[in-house]
Amino acid sequence: MAILEVNHIGKRFGNTKVLEDVGFSLEEGKALAIIGSSGSGKTTLLRCLNFLETPDQGTISVKGEVLFDASRPRAGKEKELRKKRLHFGMVFQSFHLFPQYTALENVMLAEDMLAREREDYKQNKKEIQEEIKKHGAELLDQMGLRERMGHYPHQLSGGQQQRVAIARALALQPDILCFDEPTSALDPELTGEVLKVIRGLAEQSTTMIIVTHEMAFARDVADHIIFMDGGVIVEAGDPLQVIENPREERTKQFLARYNCEMKI
């Protein structure tokens with residue numbers, strides 16, 4: 001059964017059509033990779049799913065619940081918007097860590113903000129804070145950052161910062177974890193450590209959408225792959241088939257530049 005259903009999503013910025021009739025489904029515990037050239041609409045699609053952008057048309061459903069329907073009046077309440085975003089965890093290209101907080105504090109922040117809305121927060125603040133701290137420490141340990149919990153972002157490598165960002169995204173236990181080119185801001189030397197973490201999450205059946213330029217990684221880790229161009233889905237299917245034996249000419253042209261990487 002699909003955990004995510006995306007139907008007929010369209011998005012314009014002024015007169016520029018960025019997404020056109022985009023639709024797909026994603027099963028729970030599966031990883032979906034989205035590939036394509038810069039400007040093909042990949043990041044805008046992720047931002048629409050995370051309610052950082054509002055589509056002009058289409059629907060988005062998670063676990064059978066319609067979270068967005070462009071044909072319906074749109075609720076503008078920030079609290080309602082935050083509730084919808086909880087279904088998705090977002091890992092950005094450039095980390096977006098708060099420099100004034102330690103790694104552990106960065107991971108704890110969202111969970112702490114959410115906890116403050118609980119009716120029993122003031123009464124049980126100390127116990128709740130301890131639970132949040134323990135959970136954050138466990139996530140950083142999972143990322144291989146046990147010894148870096150008290151470090152500030154400027155004291156961490158790019159790869160370590162991105163792993164903190166992944167832990168932060170996992171903190172609220174989202175239904176779907178989204179990655180927007182998570183290694184694009186990293187040196188090649190640091191890319192491997194982040195991809196190793198994502199590969200581990202896939203092995204744990206974490207439901208994920210991964211926008212990436214790492215073709216070999218997408219082929220080996222994803223359960224399904226989508227190739228986008230010009231705001232539309234040109235080709236979709238089994239990763240091995242799409243990347244090594246694409247059917248569409250535009251997909252073949254895009255992948256031609258990655259031939260050497262594919263053969264490694």
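Asn50 sits in the loop that runs between α1 (42-49) and β4 (57-62). Helices here are DSSP runs of H or I with at least four residues, strands are runs of E with at least two, and both are numbered from the N terminus. This is a predicted model, in which local features need pLDDT of at least 70, side-chain atom pairs count only at pLDDT 80 or more, and totals for chains, interfaces and linings use all residues. Residues are numbered from 1 along each chain as its sequence is written, and side-chain values use heavy atoms, with hydrogens and water left out.

Is Asn50 buried or exposed? Asn50 is buried, at a relative accessible area of 4%. Buried means under 20% relative accessible area, exposed means over 50%, and partly exposed is in between, with a 1.4 Å probe and protein chains only. Beyond residues up to four places away in sequence, Asn50 touches Arg85, Phe88, Gly89, Met90 and Cys178; contact means heavy atoms within 4.5 Å. Phe88 is 38 residues from Asn50 along the chain, yet their C-alpha atoms are separated by 6.1 Å.

Phe51 lies in the loop between α1 and β4. Phe51 counts as buried, at 9% relative accessibility, and its phi is near 60 degrees, a positive value in a residue other than glycine. His8, in strand β1 (residues 2-13), is not a glycine either, and has a positive phi of about 55 degrees.

Next, helix α4, residues 125-142.

Which residues of α4 are buried? They are Ile128, Ile132, His135, Gly136, Leu139 and Leu140. Seen down the helix axis, the buried residues fall within an arc of 135 degrees, so they line one face of α4. That arc is taken from the directions from the helix axis to the C-beta atoms. An α-helix has 3.6 residues a turn, so residues three or four places apart point the same way.

What do the buried residues of α4 pack against? They pack against α3 (103-115) and α5 (158-170). On the face turned away from the buried side, α4 carries the exposed residues Lys126, Glu131 and Lys134. Just after α4, Gly144 takes a positive phi of about 75 degrees.

Last, Ser40, in the loop between β3 (31-35) and α1. Ser40 is buried, with a relative accessible area of 2%. Leaving aside neighbours within four places in sequence, its contacts include Val18 and Met228.
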